[in-house]
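Let's take a walk through this one together. Keep the sequence and the 3D view open as you read.

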Protein chains: 2
Amino acid sequence: MPVFAARGTRDFLPAEMRAREHVLGIVRRTFELHGFQPLETPAIERVETLAGQYGEEGEKLTFRILERGEGGREGKADLALRYDLTVPLARVVAMNPSLPLPFKRYQVQPVWRAERPQKGRFREFLQCDCDIVGAPGRLADAECVAVAHAAIEALGFSEGFELLVNHRELLRAVVADAGLAEQEHQVLVSVDKWDKLGGPGVGEDLSKHGIDGTRLLARLAHAHDLDAFAELAPGPVAELREVIAHAAALGATRVTFDATLARGLGYYTGPCWETRITDGGVGSVSGGGRYDGLIGRLGGREVPAVGVSLGIERLLVVMGERGMLPAGVGGARAMLTVFSAETSGATLALAARLRKAGVSIETWLGEPGALGKQLKNAAARGVPFAVVMGPDEIARGAVQLKELRTGVQERVPMDQLAGALAEPGP
Amino acid sequence: MPVFAARGTRDFLPAEMRAREHVLGIVRRTFELHGFQPLETPAIERVETLAGQYGEEGEKLTFRILERGEGGREGKADLALRYDLTVPLARVVAMNPSLPLPFKRYQVQPVWRAERPQKGRFREFLQCDCDIVGAPGRLADAECVAVAHAAIEALGFSEGFELLVNHRELLRAVVADAGLAEQEHQVLVSVDKWDKLGGPGVGEDLSKHGIDGTRLLARLAHAHDLDAFAELAPGPVAELREVIAHAAALGATRVTFDATLARGLGYYTGPCWETRITDGGVGSVSGGGRYDGLIGRLGGREVPAVGVSLGIERLLVVMGERGMLPAGVGGARAMLTVFSAETSGATLALAARLRKAGVSIETWLGEPGALGKQLKNAAARGVPFAVVMGPDEIARGAVQLKELRTGVQERVPMDQLAGALAEPGP
């Protein structure tokens, strides 16, 4: 019987797991340093909790789970797979009215979407969110900007990224000023393509929809100059100044105002941001903003909220392509060979001793003897060292330590083996 | 709109996450020290992959996912949620024919079962498995015994546990010798209750099913004496001697032969084992054995396999009840208060500096001022320290560091603050 994984899903074998754990470890440490705390929610949610939260498209892409028993035979679904991490956060806030606020949580868990599988797009993928619930001010906004900035830096993108900020009400004022308030939705869809099409391209795109973008484009020609919008939208401009100043104090130095940033503005209520890897046309790897209305709408308390999401799957791909992931790490540091049934006890006892000393150790698991076969097997599985010990070595209390890549071999007293096998420092 | 989590599922808020991460961290480190490597597989598998693998009961308890589009409207399911970690392992081995063997993998992921929710039983729960694929011998068996033993020890159960071993063919020989080969299934179901009912209770249970257990019970009266079975089942006894000796050499000192251990023997093909917490009637917290037939049957290569599973959810409950979990750990080490809009830059810059030094820091996120409110909020959220800094402190380069539990306050130069906030060593 041929056996396949489900379409659009992946297994992570040890080498991939190491890379993912390395990246997630850095990200989690950054979140923790910023005082965000971990939350996990179940993969399965009640259908009612998710229904209507993600629009028509989301409805189609939600995986629904058949009822057990009679209802299931009739095709009824009562559960669904988690579609994002925001609705579950809102549910947790609603279910825990005594949760002390502000609640700064991070959550790194898979979500499921029935997308058409294609290169780089999966049906099960990790989301990685930081949110602050219950803090309405610019300090909280800046904290989200700073934590995303710090995470991207900690991953190794020191120079090649920028973090763009905008404000929903600023862009709305620009659209209204251009006399396009009634076409706002289509205008924002077009402006959202600014980084791909440029200003003239956006103008053409608007024309196609019968919209005259002349005045709008004239305004947005000064997209990086906050002063240019101070008269039109004094409140949002003041808020953005404050966010940018706070973020700079927190160490986020690569923050730029960009009035063309239009990401999902329907969802956001105030400042919003996006991080782009600038070299290599990678585009957005993180985004977020303030969404004060959402948690209340989802049945929670009426609490303000602001957050940022890292595109961790995309970052993993980019880091892999650029050689930014550790290669071949992990697994046992050495395999102890087994000379004979008689010496196996000494070998296993040495394994126990080394493990107690914190060294990751394998022992040969096949028939004793046949040293060449044992060494070949260890090398094939990428184990860096082998320890050869027969009756003579055991009697003398010193083993042969062989580096499998080079074949270099040296005699090491057993009580110095843990030290000899210790990983080199960073 | 009232919002609930799905029945039988749990949210893990930060305090619970800390406890779980603490326990999983110890378990993962133990697995790594023994040379097991991480694997993760998707939550969703094709219905065909899981169908027929878990018997009639398992079929009922499997969560199935509706097809998207037309098929779904007709109630057709094409995917199902992961039910255990063994079938996915077999699928991975089948899909990766060039995987070097032996493959020692650990996997810590949730599984889903539509059990009737009740105290301590959930529909989404973690499984935690170590398996060795491709090593047929007793060294591999002993390695699984040793890794489970080491994990339970590392979690802090130093004296209060025992690891029982038996052999499928030994128990089968005992049953055949008692003339009960044809009733083997029912006999094993009854013998499986030995630790709860004792020998006489098992005898009564057999009687209820019309089975005369006299000769069987006479044999099993010597359940802990391997010699008593040497004539009846010489092969299995020799294998168990070898497993026990190897495991002892690997440091597993609390291993006992128990001929009454009957756990899921239909599944196993050789030695099998179970770990029990002996004080407090907790019972089994880990089990496993050799299952050479399974991976081939599941469509993989014909490869031997042996493994052990930790009952991690049960261990978490027991450790919680016994105060073996770290309390109140995690979260920011200190909250930096914000005196005024003018001083906020200095406060945020100090936060950035402390975070760079590896100290987890929060800053006050509300309106500046109102120091009492800021301190109260930090204390309510369990932050251990607060840092008070106004214009005077900033001018002098020294802040007030306040321990929130005790109210004790001291003056600390800013450049010594990271040291003062460092966590006490273990």
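Pro102(B) sits in the loop between helix 5 (86-95) and strand 5 (103-112) of chain B; helices (H or I, at least four residues) and strands (E, at least two) are DSSP runs, numbered from the N terminus. A cis peptide bond links Leu101(B) to Pro102(B), with omega about -5°. In chain A, the bond from Leu101(A) to Pro102(A) is cis too, with omega near -5°, and Pro102(A) lies in the loop between helix 5 (86-95) and strand 5 (103-112) of chain A. As background, most residues other than glycine have a negative phi, and most peptide bonds are trans.

Before going on, some housekeeping: this is a predicted model, where local features need pLDDT of at least 70 and side-chain atom pairs count only at pLDDT 80 or more, while totals for chains, interfaces and linings use all residues. Residues are numbered from 1 along each chain as its sequence is written, chains are lettered from A and ligands numbered from 1 in the order in which they are written, and side-chain values use heavy atoms, leaving out hydrogens and water.

How do the two chains relate? Chain B can be laid on chain A by a turn of 180° and a shift of 0.0 Å along the axis, giving an RMSD of 0.1 Å (copies are superposed by least squares on the C-alpha atoms of residues with pLDDT of at least 70 in both). The two copies are therefore related as by a two-fold rotation axis. In chain B, the C-alpha nearest that axis belongs to Gly75(B), 1.8 Å away from it. The copies meet through the same surface, because 100% of the interface residues of chain B are also interface residues in chain A.

Now for the sheets. In chain A, 8 strands make an open sheet with mixed pairing, in the order 1-5-6-11-10-9-7-8; two strands pair if DSSP finds at least two bridges between them. Strand 1 (37-38) and strand 8 of chain A stand at the edges with a single partner strand each, so one side of each has no neighbour in the sheet. Strand 7 (residues 161-167) of chain A runs antiparallel to strand 9 of chain A, joined by 7 bridges, and Glu162(A) has Arg276(A) in strand 9 as its bridge partner.

His167(A) is also in strand 7 of chain A. With a relative accessible area of 4%, His167(A) is buried (buried means under 20% relative accessible area, exposed over 50%, partly exposed in between, with a 1.4 Å probe and protein chains only). Leaving aside neighbours within four places in sequence, His167(A) is in contact with residues including Pro236(A), Glu239(A) and Thr269(A), where contact means heavy atoms within 4.5 Å.

Tyr267(A) lies in the loop between strand 8 (255-257) and strand 9 (271-277) of chain A. Tyr267(A) counts as partly exposed, at 33% relative accessibility. Not counting residues up to four places away in sequence, Tyr267(A) touches Thr86(A), Tyr291(A) and Leu294(A).

Over in chain B, look at strand 11 (residues 305-310): 5 of its 6 residues are buried, so this strand is largely enclosed by the rest of the structure. Strand 6 (residues 124-133) of chain B pairs with strand 11 of chain B in the antiparallel sense over 6 bridges, with Asp131(B) opposite Gly307(B). Strand 10 (residues 283-290) of chain B also pairs with strand 11 in the antiparallel sense, over 5 bridges, and here Gly287(B) stands opposite Ser309(B).

Chain A has another open sheet, made of 5 strands in the order 13-12-14-15-16 with mixed pairing. Its edge strands are strand 13 (361-363) and strand 16 (409-413) of chain A, each pairing on one side only. Strand 14 (residues 385-388) and strand 15 (residues 398-403) of chain A run antiparallel, joined by 4 bridges, and Val387(A) has Leu401(A) as its bridge partner in strand 15.

One last stop is the loop between strand 13 and helix 15 of chain A, where you'll find Ala370(A). Ala370(A) isn't a glycine, yet has a positive phi of about 45°. Ala370(A) counts as exposed, at 53% relative accessibility. In chain B, Ala370(B) likewise has a positive phi of about 45°.
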